[in-house]
Each structure stands twice: as C-alpha cells, then as structure tokens.
Amino acid sequence: MLTYLIRRLLAVAVMLVVIVLAVFCIFFLIPKWTGTDPATMYVGKQADKEALEGVREKLQLDEPILLQLFEFFKGIFVGRDYVGGGTVTHCPAPCFGYSFRNEQAIWPVLTDRLPVTLYLALGAALLWLVIGLAVGVVSALKRGSIWDRLGMTGALAGVSLPVYFTGLILLTVFAYQLGLVSNSFTPFGENVGKWFSGMILPWISLAFLFGAMYARITRATMLEVMGEDYIRTARAKGLKEQTVIGKHAMRSTMTPILTLLGIDIGALMGGAILTETTFSIPGLGQAVLKAINERDLPLILGVTLITATAVVIANLIVDLLYGVIDPRVRLG
Amino acid sequence: MTAPLHEESTAKSAVAEPAPSGAEKKIEGRSLGRIAWDRLKRDKVALIGGAVVLLLVLVAIFAPAITALTGQMPNQRHEDLIDPLFSTPKGALGGISGEHLLGVEPVSGRDIFARILYGARVSILVGFLSAIVAVIIGTILGTLAGYFGGWLDALISRVMDMLLAFPQLLFIISLISVMPNSLLGLTGTGVRLLVMILVIGFFGWPYIGRIVRGQVLSLREREYIEAARSLGAGRRYILSKELLPNLVAPITVYMTLMIPTNILTEAALSFLGVGVKPPTASWGAMLSDAVQYYESDPMYMIIPGVAIFITVLAFNLFGDGVRDALDPKGTR
Amino acid sequence: MSPLRASRRRLAAVSTVAVATLFATSACGGGGESDSKGAGLNAGVKKVANASDKKGGTLKFVGVQDAQSWDTSRMYYGFEFSFARFYSRQLVSYTPAPGQKSVELKPDLAKDMAKISDDGKTYEYTLKDGLKWEDGKPITSQDVKYGIERQWAQKTISGGPVYVRDAIDPKKKYKGPYEEPEGIDAIETPDDKTIIFHLPKRNGDFEQMLAMATNSPVRKDKDKKSKYGLKPFSSGPYKFQSYTPNKSLTLVRNKHWSRKTDPLRKGLPDKVQVTLLTNADERDKRLINGDADLDLNQRGMDSQGRTTALKQHKDNVDNPETGFISYVVFPQNVKPFENIHCRKAVIYGTDHKSVQTARGGPMAGGKLATNMLPPSIPGYDEKDDQYGIAKNGGKADVAKAKEELKKCGKPNGFKTRLAVRNTDKADVKSSEAVQASLKKIGIDVEIDQFDGSQGTSIVGNPDVVKKKQYGLILYGWGPDFPSGQGYGRALWHSDAILDNGNNNMGMIDDEKIDKGLDEAVAELDPKKAADKYAQVNHDVMEGAYYLPLTYMKVVQWRSSRLTNVYAADAYSGWYDFVNIGVK
C-alpha cells in the first residue's frame, strides 16, 4: 500500500513538471520558432526599447527554460526573490509569482477563485450523478420500455447540445422571461440565497451535459453486468431482486462511473471555461481565459497546475475508493 | 467543457473483445462487415442519423452551388435590411423572408442561410480531419505499445495517461493564441483550421491509442498469431495482415463517436474567439456573436445552436448504430 | 512627440480580453427600476445634468475592464485619467465645466498658472498652502518632482505617456529616480513650495501635458514601484480603501483633503465603489436596473443595452461626441499608395454610411467624418469636406472613384491588403464594410487581422507593413490631451516616423505639413494655435493621406440618481467623474 502510494505520487510529480514545461514551451518556445519576439507579446502597446528590456529582465527571457522551470518550482516550495529595476521583492512560499499584467500575487487569486469553481463543479456533479445514475439504471432495468426510450433520447440530446447554448437558452427562458432565478453570480459570502439562485442554471447546464453521458454509460455497464455469471448465481441463490441489483450489480456499475467522476471533476476545475463564461461566474476558468488572452503566464501556469493537480488527486481518491466499492480490487 | 470523449468508455466495454467473435463468425462464412451492415440496416434510427450525416457532408461540399441557387453569398452585405439605430434586422424573426430563408445577421445583414451552409464546411472539415489525425497517431502508437510491450509500452502508456489528465481545452486555447498569422504558406483562417485540426486530433489520440493497445495486447497472445509467428511470419506481416484487420471495428466505432465531439470542440473554440477568423462563417462564431442580441434578435442565436445540435445528434445516432452493429455481444 | 507613445492605449478598446468581454449573457437580477426619471436625453451633453452640491451617498461604477494600472505614471486610458482625479491632483488641471469649456486649464496644486519666461522655455509654479497627503503630511514641490520623474523609469513602470519627459529631456539622458535618485537638473525645487521646469525648446502645450494624471505627485517613501498601482497614496479627495484587481475597488473620503484648496473637485459622495465584471451585457443590465450608476470604461453600451435604454429610458442617455476618430491610413511605402490618385480612389469609393452602420449606427457608431480633426479638438471644422463625404450622405462616389483609378493607372482596380486589430469588434466589422464597398470599384481587399496588443510591432513598424503589404490600415485615434499637438503631431509630422511604435503610418513627409505643425506647437495663444492646426488638417486631407471614417460617439448611461453630470472635452467627451454626486 505504501509503495503503491509512493509510486503514484512520484508519477504525479513527474506529470506536473511535464505540464508546466509544456506551458512554458507554448508561451516561450513556439513564438520563438514562428519568429515572434516573446518580449513583444508581453510588452503591450509600448514597444519602447527600455520597456522591452524591462520585460526581458522581469520575465527572465534570456535565461534557459530549465532554469526558469527550476525557479518556478523553487518558488512554490520555498519562495523566491524577484530582482528587477533595482529592487528585490521576496515572494514567500507557495509562490506562483506575480501577474505580468497587474503585479498581483498569483496565489491569492487562485485561492480566491478556486472555491467558486469548486462549488460549481461539485454542485453540478452531485446533480448529474443522481440524474445520470437514476436514468441509466431505470433504462437498463426497464430495457426497451417507454422510460428507457425517453431517458435515452433525452440523454442523446444532452450529449449533443453545446453547454453554452443550453446555458443561453436556460438564461433567456428562466432568468429573463420568467424571472424565476437570478441570472448573475453573487459570492457565497455575500448572500447565500442569492448565490444559490445564481448557481442553479449553471449547475443544470453542466448537469444536463454530464448527466446525459453518465446515464448512457450507466445503462451500458448495467446491461453488461446483469449478464455476468455472478449475477445469475446470485439470482439462482434466491436473493431478492433488490439485493441483487442494489448490492451486486450497482457495485460493478459504479466502478467505471467513479473513474469518470474523478477525471471530470478534476477537469472541470480548469475546464468549466465555457460555463463560467456563459454565466459570468468569476472562477478559475474565466481567470485563465482572460490570462491567456493577456498572455499572463504566471496566472496560466497557476491555473494549469491546480487543474492538473485536481485531476491527479481525484484519480487517486477514486483508485482508493475502488478498494472499498469492489472488494476484488486490491491495491498494490 | 465540451463533451469529453466519454462515449468511449461505453464503447470500450462494447468493443473490448471483438476479435474472437469475428473469428467465430467466420466459421459461419459471413464477414464481420457483412454482419454489421445487416444489423445496421435494421436500425432505423441509426439510418436516419446516417442519412442526415450524408446530407450534411453533401451540403458542406456543395455549399457554393446551393448559395448560387438561392442567390445569396455568405459575405454579401444587406445593410438596407438593418435598423441603423439598433443594429438589428428589420422585420420579424430576424428578418426571415422568402429571399433570406433564415433571416439576416445583425449589423451587416449577411444572409444567415448561406452562412450556415458555409459554417457546415468548417465543422465537418475539422470534425473529420481531426478524427483522422487522432486515429493515425493512436493506431500507430497503440499498436507499437501493445505489440512490443516493455519499456516502449510503459513510455507510451504513461504519455497517454498524462495527456488524458491534461487540461485540454486550456491547452488548445493557449496553443492557438500564440500561433502566428501565417504558417506553412497558409494565412488567417487557414492557419486556424490547420492548428485546430492538428491540436484537436493530437489530444484525441490517447483515447484511440488505449483501445488499440488493449486489443493488440490481447490478440498478440492468441493462437493464430502464435501460429503465424511460428511459421516464420515477419513482424510487419503480423502487424499489417493479422492485427490490423481486427482493429478496424473498434477504430471505426471510435472514429464515428469522436467526430461529433470534435465538432463540438471546434464550435466551442470559435465561440471563445480562437476559432476561424471573420469573415469566414462558423457556427460557434455565429453563436458567440449572437449572444449580444439574444433578446433583440433571438433567432440569430437559435439557428446556429440548432445547426450544431442537429449535426452532433445525427453523428451520435449514427455512431451508436455503428457501435451496436459492430458489437458482437448484442447487449443493446 | 514621444517614440514611446506607441499607440492610443485608451482607444485600444475594452477588449484586450477580446473573448471574455465580447460575449455576454448573464445579467443581473433583482433591483427594480429606479423610480425617479432621468434628467433627459443629452442632459449631460454641453450642459450639467442635475446640478447640485449635495454631499453624501455612494457613487457606484460598473465596468468590464480594469485599469491597466491605477498608478498614475502607468495609466493611458481616458477613463483612468478621469478616475485618477479622485485620488490625485496635478499642478494644473481642467475646468469643471461641460463640453469645450473644460479644456481650459486652471491652477490645481499651484497657486496660479505658470510664470513663463520670455523665451517660453522656463515654467515656474508655486504651490498652494495647506496641501496635504492622505496621512496629513504636506505635499511638497519635491513630491511633485518625484511623481513626474517616475515617467523616466520606463523599465520598471512602463505604460504611461511620456510627453513631459520628451519635452524636458528629449535625448533621455536622465535614467529615472530609481537609478539616479538625485533627480533631474531640468526640474528645480529651490524650496518646498516652488517648482521650476526648464525646457530645451518652447512648447505651447507644456501645461496641457502637466495636466495629465501622469504628472501627479508621488511621495518617495510610499512608492512601491511596480506595485504602487495596487494602492496609490492619495493627494486628492478620496483614498483607496480596498482593491482587488478585476473585481472591485472602493474609495473613501480622504479627510486631509480640503475643498478650500481645491476648487476643481467637488468630492460630493462619501464613497466611490467600482465593480468589475467580465460581461458587457450584464454591465448594461445593472445600469438599467439601477444597481450601478455609470460605466467606468465609458465606451458606451452594447447593442442590447443600447436598444433597451433608447427605447425605454431615453432620459437616462447621453450621446456625446468623443475625441476619437476611426480612419483608414494608406502607407505610402506600399504600392500603389505612393500615388495620390490611388488613395483618392479609395476615399471616394468607400461607403461611409455602411461603415457607420457597421460601427453601430449614428448614435453608437458616430458621425460621418469629413476630415481628420475630431470635434473635441480646437480647430475642428465640420465644413472642411473636400471629398464631399457628408454632402453625398455618406454614399460612395463611384464615378469619381473610377475616374481617380484611371488617373492612378489602374482603371480596372487592384488587389491590396487591409490590416485591422482583432481586439476591436467595431473595427473588424468596419473593415468588412470597407472591403465590400471597395469591391464595387474593382479594388479587391484581403482583410488581415492582427493582435491588437501587438500593434506597435506590426502596423507600427514600417518594415513589417511593407513586408506584409498592408496598403490599408484601419485604426482609431484620440488625443492624449485636447490640442492639435496632443492629437495630430504623431499622425502627421515626418519627425514622428519611427522604426517601431510608429503612428505616422501613412509615412507623411510633407514640408508644408511639418512647417505648419512646428509653428502651431510653438504658438502660445490657444486661439491662434487652433487656426494653425485647422490649416494643417486641411493640408493633410488635400494630400489624401487618410480616409476618415467616423467621429465616434457613445451611448452613455447616466442613472437617475446622479447629480452634476457632464461630458467634458478634456476627457475626450466622457464624464468628469470627480465632480459627480448622488441624490
């Protein structure tokens, strides 16, 4: 168990380094290859020589990438010093650097935005799990019935609709025409009721998409599991149908669902870009979209790292959960 | 997030073991393709989906001819149809008329029907080509990993794991945003199309790679491969003559299910402003433009949204049908 | 003019975040309609809407773009300059009055306007008594000097305009206060109250330059360098209470500021709040619902908000002219635009009406432009319409265009490329309109969008322009300070042609224009100077160096509870923030 954990964590570390390296490459190497001076991308409208020089110094563009990478990770674990314009600024750990655009420290931005996205992802996940599992199980058990058809038609529609289009339609109908819910985001700390009202539509939009996928997967897995020998055995033993389904079939069905859930929640931490944009939710997705447009590398790195970490951690938790759900799986 | 490739896991279970059945069926003297076709023929819904897909492809190919017929070019302006004060089309339903079947765009008065037709070209082009890119990379690397095993397998598998955990949308947006305006002799929209195809394809290959690897892994140890090997068949022979034919089924299923996902990704990128460049028409870009007018000209938002929906739905229906047809267990 | 003045930052649009701001969906809930009525359509244009001296309340701004920095040395957008006056003062500043009157300068920190030496090269100011920083310490002439010197330190705090630097130290010998803390000799502070500027050459706009927020005092012990913008130290009526970039900003009263020493700022509300959103539609909804009072960025409402506002709340709308112009320039280093007739063909062949519609129509897009000097600049003359643009009602003059094409030796037209920045949606739409109208006279235009944030190194670089064969560049422009110099010198003077960050993109090298500009700059009498700029503008149009498109206008929201609101030419036709109060 311990060696397993260590091995996993080591793999995680390697992966995070690679991801950061990839981001570095995108923003420093690709412009170089295609003939753009990266400094001009960050200097904004002011192409003055001194300003360019200042940018080079600040971004350490003349240093090799690996050194920059090392500095970056050093900052996260022990903090780092920024030298520039005759001053030294110490940035304590965990230091993700300062925004190229407004000099704001990145770490507080991340911690400020993370909960917003987390609530969005978790709330939606809860909703889509319930809906997806329910629809999927009912469809599988009543295969071929009207419920199965209805459920699967809905699910197919769900996976075929772009989430922002669903969002826009929901907004127009429920927020503007009917005025049932709030159409804008209110911070949790400000007014919980308003926050909830503002989050309903984003949750539903996301849950519609993911719930549809989960329903399809649940149904497929369930059908397969029901055909397995051990289910037949259980039935033959005279167990109640409820027990057969609830205890045996569901367990096996949950395994792939859990895997997906891990990946999805993790991915949503950085991938709710479309939903956050559609509903103007000030989460990580929106921050990173803005950062990409402004080429604010430290912020992009920060969000990317958080997202990747979230995916990895979610996967780890899922792996550990397997052992609980499916006794056949032993970690090692 | 755009719909990630979750469909895969459904498919995974479905196509996990196609080879033996293929072999069984051979005894009956019918090829796998033949059986699949017979099954597909019975699946009305899938056939409708397939027909719509075919129609869409034709529409995309012959868009110039069709617009010539209606007499409306996608970039032709009709400012006389626009209310100058509010920038929206005069007349009800976004200016729908006999001349402009789906109305005209706000501000410029361009014909929406013509733009939808041309938009189909972008969607289908990116959807297909990026899927092909993914299939090529995925098949090659998946086969290598599965067949040779050892460190090569370990390396390729780790890379696939890592790519699956990458915050993809974030990376795609970043990559596109740093691409120069001209590349390899292409400019503007051409570059964007190329980059989109390559990048979407690149992030799609691990899904194919995993399946192919698994297939090859299980096939490798089968008797008939052993037999071929003991008869002195070369690696190349075994790979191309014995393994590849058995991979066709799962790859076909994956590709059909990957195309709608890729279409959604293209629309999302255009929606976020990093897709094709104006004046090139794209459904996602139209939606993103339409957001400004969702109250004053809702038709402009609904039309491209529905276009995306129908396209993706048709591909999904057809893809489901193909999967069921190729699924020998016939659990569905 | 400065080589640094790379481009009109202020114009460069709300959409540095092209994506995030462009689409907008969500809006705001709750908040009923404001019960009282607005002061009337255009009540704040050329007059004061709801004049009042009532103090108290909270003034609520809403915006979709944060300042690039609230550090006075680093800002360049018009809204930043206007907003900076809440917490900063200058030696001289603008008259608190609507319209053109605002352009006149009045002493602010200084007791009087400058004592200018006979040769026009030395400016001396004496500070008022009782001026205080937000911690109660006196504001000294050294603080003023230090604040001005910071613009030399471009390496650490880049971003702001550097007119004063270029007027005082054109060769950039001084390295800025961080590297040379002893300061620059050309600015003297013999005592705490006196400050003297020595210019190498006379410049009629020097005081105009000093009035920019860039030249506000900064106290050395409070200067956090690149981080100063997160909490600037106040010399004005309000001070920073809290600021989270891209989210919110709150200003509260600076109790050490006194109205007695500051006749230019009313300082009516108790609190000033800024909420930053990412979504223009939501911003407009909040304004209309009454959750916010006015738009921080002052770029006008979006299509949908505009429609609602004009249809249902006309009385809350102002539609002022701004100092901005949208135009197309013909780089003469790209063929065939070295030929005046080819340029004229494009001018005649462009359908201005179509461009106006593309920009949002007569209210949001602006007036048809007949020449290059916009309405808020002294010297503006609407009647200078050499190409009959207004006379034709904005329609293209196809006959004349074809005639000019013949003269230029291309009777069947030609192919060329148009560059437009992708960050400005109205610009992109205008470029499509230009493309469509030129097609009718046989000129085939290929549109090439460039990243707006890299303008200086693309369209601002003549070599790149030539290499990319940009025969047409669609751009926008506004004055940094309201004079012909602040507006036109960089566009028209041959000295302003630069290798990078060039704004004379037409590569105008015309002796008559240079001479006219030099004389106008040296002219100390504003009236005479205005006439001279008008003549230069006329010559520029005669040379067909530019194709003016529209003088931009904005549809501006003014909530019913606002008092003392007026659009001021001193801020490019936008509101004078610091004098606005709430009912």
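A salt bridge is a side-chain nitrogen of Lys or Arg within 4 Å of a carboxyl oxygen of Asp or Glu. In this predicted model, C:Asp384 is buried but takes part in no salt bridge. The nearest side chain of opposite charge belongs to C:Lys383 and is 11 Å away.

C:Asp384 sits in the loop between β14 (367–368) and α11 (398–407) of chain C. Its side chain makes a polar contact of 3.2 Å with the side chain of C:Gln386. Beyond neighbours within four places in sequence, C:Asp384 is in contact with C:Thr370, C:Asn371, C:Asn537 and C:His538.

## Backbone exceptions

Most residues other than glycine have a negative phi, and most peptide bonds are trans. B:Val107 has a positive phi, near 70 degrees. This residue lies in the loop between α5 (63–70) and α6 (112–148) of chain B and is buried, with a relative accessible area of 4%.

C:Lys225 also has a positive phi, near 55 degrees. Its place is the loop between α5 (206–210) and β8 (238–244) of chain C. With a relative accessible area of 18%, C:Lys225 counts as buried because the cut-off is under 20%.

The peptide bond between C:Lys335 and C:Pro336 is cis, with omega about 0 degrees. C:Pro336 belongs to the loop between β13 (321–329) and α8 (340–349) of chain C.

## Annotated segments of chain A

An unreviewed UniProt entry lists transmembrane regions in chain A, including residues 153–175 and 195–215. In the model, residues 153–175 are 91% helix and 0% strand, with end C-alpha atoms 26 Å apart. Residues 195–215 are 100% helix and 0% strand, and their end C-alpha atoms are 28 Å apart.

Terms used:
Residues are numbered from 1 along each chain as its sequence is written. Chains are lettered from A and ligands numbered from 1 in the order in which they are written. This is a predicted model: local features need pLDDT of at least 70, side-chain atom pairs count only at pLDDT 80 or more; totals for chains, interfaces and linings use all residues. Side-chain values use heavy atoms; hydrogens and water are left out. UniProt positions are given in the numbering used here, feature names are shortened, and annotations may be inferred rather than shown by experiment. Helices (H or I, at least four residues) and strands (E, at least two) are DSSP runs, numbered from the N terminus. Buried means under 20% relative accessible area, exposed over 50%, partly exposed in between (1.4 Å probe, protein chains only). Lys and Arg count as positive and Asp and Glu as negative; His and the chain ends are not counted. A polar contact is a pair of N or O atoms within 3.5 Å; within protein, one must be able to donate a hydrogen and the other to accept it, and residues adjacent in sequence count only if both atoms are side-chain atoms. Contact means heavy atoms within 4.5 Å.
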